[in-house]
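Subject: Structure handed over, with notes

Dear colleague,

Please find below the structure that I promised to pass on to you.

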Amino acid sequence: MISRIQASISYQIVTVFAFSVLVITASVIWNINDVGYQKRSFENYKISKTTYLNLDELEEISKGIRYYFNSRQSSLNISFPNSPSTSVFNSTEISHMKDVKTIIHYIYALFILTLGILIATIIGYMRNPYAKKRFWQLIIISSSITLILTILVGILMLFAFEQMFLLFHLVSFNNDDWILNPATDYLLMMYPLPFWFSVSVRVGIMIIILSILSLIISIYCNRKLA
């Protein structure tokens, strides 16, 4: 029964899809939680000049956001480090971040789900040489597809990032809370469009590196089993 499932086209398609999603979600999750990179970005984009907050204060706020994303906290509640009674974010920003947290948790769920699928697939496919060879062939297909699509999206992003960023928000959110004022709302002051472009480039580079590494490993292992 298990061997029939493994040999089915649908199961192999799921394996290819799962590996691609695993690589993508892993890259996104890494960047979501990389507060160090955010601090460097605050410095590079001179965020202190627009927010009148020093780098340590900005880092503390960004850590609070990361904690919110990874906790059961129902709403974002962060005060200014030098004014504990004053909230950094207004009600619209807080509402938007609740929507963002929902999306991030979907990404976490996809990562766990696809990781589970890959672990189950590895255990199943490693039982005999033919199945093992087929597994590495599926990883070659998945890595190649992920690599090609990432490069194509990256090229498109170079020419139309602002439009793609807008489209992402229109598709992902069912309200207008994401439409903020860059002059008064700290979410936009702390994380301007150039920041999101650099993060997107960073995610893309990580996906490409992981895809190339998995492609090299899978080709090597496939040839060893020839």
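I begin with Thr92, which is found in helix 6, where helices (H or I, at least four residues) and strands (E, at least two) are DSSP runs numbered from the N terminus. Please keep in mind that this is a predicted model, in which local features need pLDDT of at least 70 and side-chain atom pairs count only at pLDDT 80 or more, while totals for chains, interfaces and linings use all residues. Residues are numbered from 1 along each chain as its sequence is written, and side-chain values use heavy atoms, with hydrogens and water left out.

Thr92 is partly exposed, with a relative accessible area of 31%; here buried means under 20% relative accessible area, exposed means over 50%, and partly exposed lies in between (1.4 Å probe, protein chains only). Leaving aside residues up to four places away in sequence, Thr92 touches Asp177 and Leu180, a contact being heavy atoms within 4.5 Å. Thr92 and Asp176 are 84 residues apart in sequence, yet their C-alpha atoms are 9.0 Å apart in space.

Helix 6 (residues 91–125) is also the place of Tyr106, which counts as exposed at 57% relative accessibility. Between Tyr106 and Thr25 there are 81 residues in sequence and 9.9 Å in space, C-alpha to C-alpha.

Two serines may also interest you. Ser143, in helix 7 (residues 129–172), is buried with a relative accessible area of 1%, and, not counting residues up to four places away in sequence, Ser143 touches Phe19, Ser211, Ser214 and Leu215. Ser218 belongs to helix 9 and is buried, with a relative accessible area of 0%. The side chain of Ser218 reaches the backbone oxygen of Leu215 at 3.0 Å, which can be read against the definition of a polar contact as a pair of N or O atoms within 3.5 Å, where, within protein, one must be able to donate a hydrogen and the other to accept it, and residues adjacent in sequence count only if both atoms are side-chain atoms. With residues up to four places away in sequence not counted, Ser218 touches Trp136, Ile139 and Ile140.

Which residues of helix 3 are buried? In helix 3 (residues 35–44) they are Val35, Tyr37, Gln38, Ser41 and Phe42. Seen down the axis of helix 3, these buried residues fall within an arc of 155 degrees, so they line one face of the helix; the arc is that of the directions from the helix axis to the C-beta atoms. The buried residues of helix 3 pack against helix 2 (9–32), helix 4 (47–51), helix 5 (55–69), helix 8 (186–190) and helix 9 (193–224), whereas the face turned away from the buried side carries the exposed residues Glu43 and Asn44. At the N-terminal end, helix 3 is capped by Asp34, with a side-chain oxygen 3.3 Å from the backbone nitrogen of Gly36. Just after helix 3, Lys46 takes a positive phi of about 50 degrees.

As for the chain as a whole, it has 9 helices and 2 strands, and 39% of its 226 residues count as buried. The C-alpha trace spans about 65 × 35 × 30 Å along its principal axes. Among contacts between residues at least 6 apart in sequence, 73% join residues at least 24 apart.
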